[in-house]
Amino acid sequence: MNRSKARPRGHRTAVVVGVPLALVAATATANTASGAEAGADAHDRVHGRAHARAAAAVTVAKDGSGMYTTVQAAVDAVPAGNASRVVISVKPGTYRELVKVPSNKPHVTIQGTGGSRKDTVIVYNNAAGTAKPGGGTYGTSGSATVAVEADDFQARNLTLSNDFDERANQSLSGHQAVALRTAADQVFLDGVIVEGDQDTLLLDTAAKEKLGRVYVRNSYVVGNVDFIFGRASAVIDHSVITLKKRWDGSSAGYITAPSTAADRKGILINRSVVNGDVSAGTFYLGRNWHAGGDAALDPQTTVRDSTLSAAVKATPWVDMGGFSWKDDRFAEYRNTGPGSGAASTDRPQLTDAQAGGQEVADWLGTWTPTAS
């Protein structure tokens, strides 16, 4: 996030990518920790096998047994303007690489084939202040390990990570380090782990006037500062938000930093769990990011029907960049757990009537995410 902030702070064809895509296009036939995590992983194993059968091939493997040895090579092989679902199946392993799905390659699925979402890891360690080979630095958005710019993208049963080492890079200016950046519409993250420290999950849109809907289900998002942020209309549903300590062992942070346009939905955290090995009363649910100082924005985060650990502050929202969060859209509804609290001027709660207009379907509109 390029901003000032405190340091503590109808029917688709499954295209097999394991053989040349031109050949497949001509011949393809039609048609994914804790006890909670164990159950979710069991879900992933069942669905992972189902999708592997649909793809009929393992396509990416570090040992050379697939068509490609890197995920990016498989993405590169997808034809521009493809009209059918392309399923890229990735064998277990750690893939230290940068992956970009460009805007002209929609309908791509990247899925791990292991028994757990932890078995297949795509990881890199760029940060906003990391020097680029051609000069300059990456900036926040450019630091992403995985960048998705294509509509109708899906990821499942894998881990997307940025392991930038803040402790070892204290002299570096710009510690924002994105694991996943989305700048597209209809992005479905199902059964994944997205992990980092500061600015883990950047939920953007292709342009200010473009709609960008993201649905995250049955997943884990890990971080400490503004680690779910951006201007997309995003739902974190039936997932676990895991809070991490800072590089120096301190507990302090912000979960969300929406930069929502006034006529759009922002971030909805629904039926999820907020926890982590951090000190009580040290994390805000969010703060209002008016990107570029744009007063016309109306940042929104709603946290509802979720379980909040004691890590959440009693006054869970805070100002950012000189803008009052009370002038924007921040609210809770029927949360439970030691980090929840009663309604007050510092802790707005939706009425039942208001909550009826802030359901998952209100965020997704006509889109119904379906695994494919």
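**Close-up views of strand β18 and its surroundings**

**View 1. Pairing of β18 with β21.** Strand β18 (residues 240-243) and strand β21 (residues 273-275) are parallel and share 3 bridges; strands are DSSP runs of E with at least two residues, numbered from the N terminus, and two strands pair if DSSP finds at least two bridges between them. This is a predicted model, in which local features need pLDDT of at least 70, side-chain atom pairs count only at pLDDT 80 or more, and totals for chains, interfaces and linings use all residues. Residues are numbered from 1 along each chain as its sequence is written, and side-chain values use heavy atoms, with hydrogens and water left out.

**View 2. Pairing of β18 with β15.** Strand β15 (residues 220-223) runs parallel to β18 and is joined to β18 by 4 bridges. G223 is bridged to L243 of β18.

View 3. Beyond four places in sequence, I241 touches V221, F227, I228, I236, I255, I269, V273, V274 and N275 (heavy atoms within 4.5 Å).

**View 4. The nonpolar cores.** A nonpolar core is a set of buried Ala, Val, Leu, Ile, Met, Phe, Trp, Tyr and Cys residues joined through side-chain atoms within 4.5 Å. The largest has 55 residues, of which V71, I88, I110, F153, I241 and L243 touch the most other members. A second, separate core of 8 residues includes F188, Y215, W363 and W367.

Note on methods. Buried < 20%, exposed > 50% of the residue type's maximum accessible area, 1.4 Å probe, protein only.
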